Amino acid sequence: MAHDFGAEDYSGLRRTVANATVLAAVSAMILLLTGQCLLRPLLGLLQTPDTIMGSALLYLRILFAGIPVVMAYNVLASVLRAFGDSKSPLYAMLLAAGINIALYLLFVLVFHWGIAGAAAATIIAQACSGVFCFRAIRRIEFLSLSRKDFRISRSLCLYLMKLGAPWHFKMESSPPAE
């Protein structure tokens, strides 16, 4: 994104943002479903005591259900950072931290929702940070995405996955041309 922005290739930028958004959505759904299916076996592997297994499962199921929300914030924040705006994502996280604390206190101490309230507070706070970033992006005129921007490019998606991989690939210096 930063490469396209620096080159003033706004068409490529929109295509990159759209493809990154699709990749993030697909990844989020895979992580959500895989996580939900593997929670009990993983907690068993970690030798989670039976006395807290139910609470741990409840908490983690709610957090895993919120993966798309967290992924949305991360994509939106990365778009803003690619344009040189590192303040908006920071403000979004500060907002999320404040909302998380306030909702935690409300849900746990006032409503007595316990573990579920703590997890819900976290997801709602993350959603607020995503909305904050989304609103900041909506002010960027040249980033108005259309349906054609969402046409999946295999080479661009592979390039984006290589960029996001935790291990290092030998990479070309610029995204693939379309």
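**Helices, burial and bonds**

Me: How do you know that the span of helix 5 agrees with its number of residues?

Reply: Helix 5 covers residues 87-110, which is 24 residues, so at 1.5 Å a residue the helix should span 34 Å, and its end C-alpha atoms are 33 Å apart, which agrees. The expected span is 1.5 Å times one less than the number of residues. Helices are DSSP runs of H or I with at least four residues, strands are runs of E with at least two, and both are numbered from the N terminus. This is a predicted model, in which local features need pLDDT of at least 70 and side-chain atom pairs count only at pLDDT 80 or more, while totals for chains, interfaces and linings use all residues. Residues are numbered from 1 along each chain as its sequence is written, and side-chain values use heavy atoms, with hydrogens and water left out.

Me: What makes cysteine 133 count as buried?

Reply: Buried means under 20% relative accessible area, exposed means over 50%, and partly exposed is in between (1.4 Å probe, protein chains only). Cysteine 133 has 0% relative accessibility, so the residue counts as buried. Other buried residues of helix 6 include Gly117, Ala121 and Ile137. The cover over the buried residues of helix 6 includes helix 3 (50-65), helix 4 and helix 5.

Me: Why is cysteine 37 called exposed?

Reply: Cysteine 37 counts as exposed because its relative accessibility is 60%.

Me: What makes arginine 14 and aspartate 149 a salt bridge?

Reply: A salt bridge is a side-chain nitrogen of Lys or Arg within 4 Å of a carboxyl oxygen of Asp or Glu. The side chains of arginine 14 and aspartate 149 meet at 4.0 Å, N to O. Arginine 14 lies in helix 2 (residues 10-45) and aspartate 149 in the loop between helix 6 and helix 7 (154-164), so the pair ties together parts that are 135 residues apart in sequence. Aspartate 149 has a relative accessible area of 5%, so the residue is buried. The search of the whole structure finds one salt bridge.

Me: Why is tryptophan 113 called partly exposed?

Reply: Tryptophan 113 has a relative accessible area of 45%, so the residue is partly exposed. Its place is in the loop between helix 5 and helix 6.

Me: What makes leucine 38 partly exposed?

Reply: Leucine 38, in helix 2, has a relative accessible area of 39%, so the label is partly exposed.

Me: Which helices do the buried residues of helix 5 pack against?

Reply: They pack against helix 4 (67-82) and helix 6 (114-138). Among these buried residues are Ala92, Leu103 and Phe107.

Me: How many helices and strands does the protein chain have?

Reply: The protein chain has seven helices and zero strands.

Terms used
Contact = heavy atoms within 4.5 Å.
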